[in-house]
Amino acid sequence: MKVVQTIHEFKALNLPRPLGFVPTMGYLHEGHILLVKQAKAANKTVAVSIFVNPTQFGPKEDLASYPRDIPRDLAMLEKAGTDVVFIPSAAEMYPEGYDTWVEVEKLQKHLEGDSRPTHFKGVTTVVNKLFNIVMPDNAYFGQKDAQQLLVIMKMVKDLNMNLQVIACPTVREPDGLAMSSRNTYLTPEQRQAAPVLRKSLMLAKEMYDKGERDADKIRAAMIALLKTEPQGQIDYVSIADTGTLNELKIIKGQALVSLAVKIGKPRLIDNIILG
Ligand code: AMP
C-alpha cells in the first residue's frame, strides 16, 4: 500500500483502471471499510483519501477536536486491500489565496444545511478537488450521510463529471447505532442513550408498514419517542422527498426519513428510506 501526501505525487501514479475511490475524514470504522471492500470488489485499484476538510466545519464546530489516528487508519486500510492512501495537508489542498467554490444551491439548503449553512459548500468543493486529483472511475459514499450522497450525485450530474457515484448501506453497531467517527465523543451514559435515533427511525418504518402515510403523524410519533430520552436534544426530524428534500405532508412514493439529535456534545445523524 502506497501512502501519498502531495497532489503532484498522486497525479504521477498512473494507476491501473478501473479506479475506485473512497473519500474519508479518517478515524476509520467498519462503515468506511465496507466502502473500501465494495470498491475493491468492482475495481482494479482502490484509492482512499484521509482529509479532515476544514472548509466543511462551521466556526463553532469540532474541527480542532475531530478524532485522528493515522497509524490505526493505515493498518485498517492495508488489511482491507487498499492500494493507495492520499493524506494531503490543509495547506496542500487550500494554498494561500485559494478562491474557488462549488455549490449545489437548492439541495444544500435543507436538513443539515439549515443547521450547518456552509457545510455542503465545503463538502462539494473538496470532493470536486479530490475527484480532479484522483480521477476515479467509481466513487463510494455512505447512505449514512444521505443528504451528502444526494448533493454529490447532483454535482456529478450537473457538472457532467466522468464517474459513477455508488451508494453503500449504513453499517451499525449491534444495538442499531450508526457507526460514526463522532461516536467516540459519547460518554458511556450518552452511548447508552444514542440508539434512540435508530429506535425512532424503526418506529417510522413500523407505522409506514402498517399503512400510515400522514408524515405529520409519523414525525410527531418520532419526536415523542426521542423526547423519552432526556439526554437527547432534537435538531430536526424530517420526512422528505428523496429527490428534492422538500418536506412531505403525505408519503406517496419514496421518502427519506432523517434526523439529527445532539446527545451531550456530539450531534448524531441517521436516516432510512421508506417505500
Ligand atoms: P467521513 O469520514 O465521516 O467523512 O465518512 C466518509 C464516508 O464514509 C462517507 O461517504 C460516509 O457516508 C461513509 N460512512 C460514514 N459512516 C458510515 C457508516 N456507518 N456506514 C456506511 N458508510 C459510512
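Author: Helices (H or I, at least four residues) and strands (E, at least two) are DSSP runs, numbered from the N terminus. This is a predicted model, where local features need pLDDT of at least 70, side-chain atom pairs count only at pLDDT 80 or more, and totals for chains, interfaces and linings use all residues. Residues are numbered from 1 along each chain as its sequence is written, and side-chain values use heavy atoms, with hydrogens and water left out.

Reader: How do I describe a helix pair, and at what angle do the axes of α6 and α7 cross?

Author: Two packed helices are described by the angle between their axes and the distance between the axes. Here, α6 (residues 119–134) and α7 (residues 146–158) cross at roughly 55°, and their axes come within 11 Å. That makes α6 oblique to α7. For the wording, angles under 35 degrees count as roughly parallel, over 145 as roughly antiparallel, 65 to 115 as roughly perpendicular and the rest as oblique.

Reader: What is the handedness of that crossing of α6 and α7?

Author: A crossing is left-handed if the near helix is turned anticlockwise from the far one by less than a right angle, and right-handed if clockwise. The crossing of α6 past α7 is right-handed.

Reader: Which residues of α6 and α7 meet?

Author: Contact means heavy atoms within 4.5 Å. From α6 you get Phe-120, Val-123, Thr-124, Val-127, Asn-128 and Phe-131, which meet Gln-147, Gln-148, Val-151, Ile-152, Met-155 and Val-156 of α7. Sorted by class, this contact of α6 with α7 has eight nonpolar, four polar and no charged residues. The classes go like this: Ala, Val, Leu, Ile, Met, Phe, Trp, Tyr, Cys and Pro are nonpolar, Asp, Glu, Lys and Arg are charged, and the others, Gly among them, are polar.

Reader: How far apart are the end C-alpha atoms of α7, and what should its 13 residues span?

Author: The expected span of a helix is 1.5 Å times one less than its number of residues. For α7 that should be 18 Å, and its end C-alpha atoms are 18 Å apart, which agrees. Helix α2 (residues 30–42) also has 13 residues, and it reaches 19 Å from its first C-alpha to its last, close to the expected 18 Å.

Reader: Which residues of α7 are buried, and what covers them?

Author: An α-helix has 3.6 residues a turn, so residues three or four places apart point the same way. Buried means under 20% relative accessible area, exposed over 50%, and partly exposed in between (1.4 Å probe, protein chains only). In α7, the buried residues are Ala-146, Gln-147, Gln-148, Leu-149, Val-151, Ile-152, Met-155 and Val-156. Their cover includes α5, α6, β5, β6, β8 (255–263) and β9 (267–274). Met-153, also in α7, is partly exposed, at a relative accessible area of 34%.

Reader: And which residues of α2 are buried?

Author: Gly-31, His-32, Ile-33, Leu-35, Val-36 and Ala-39 are the buried residues of α2. They pack against β2 (19–24), β3 (45–50), α3 (70–79), β5 (138–142) and β6 (164–168).

Reader: Is Leu-111 buried or exposed, and what about Asn-160?

Author: Leu-111 is buried, with a relative accessible area of 7%, whereas Asn-160 counts as exposed at 66%.

Reader: Which residues does a cis peptide bond join?

Author: Arg-17 and Pro-18, with omega about 0°. Pro-18 is in the loop between α1 (7–11) and β2.

Reader: One more pair: at what angle do α9 and α10 pack?

Author: About 150°, with the axes 9 Å apart. The helices α9 and α10 are therefore roughly antiparallel to each other, and their crossing is right-handed. By class, the contact of α9 with α10 has 11 nonpolar, one polar and two charged residues.

Terms used
Axes are lines fitted to C-alpha atoms, for helices over the stretch in contact, and angles run from 0 to 180 degrees between N-to-C directions.
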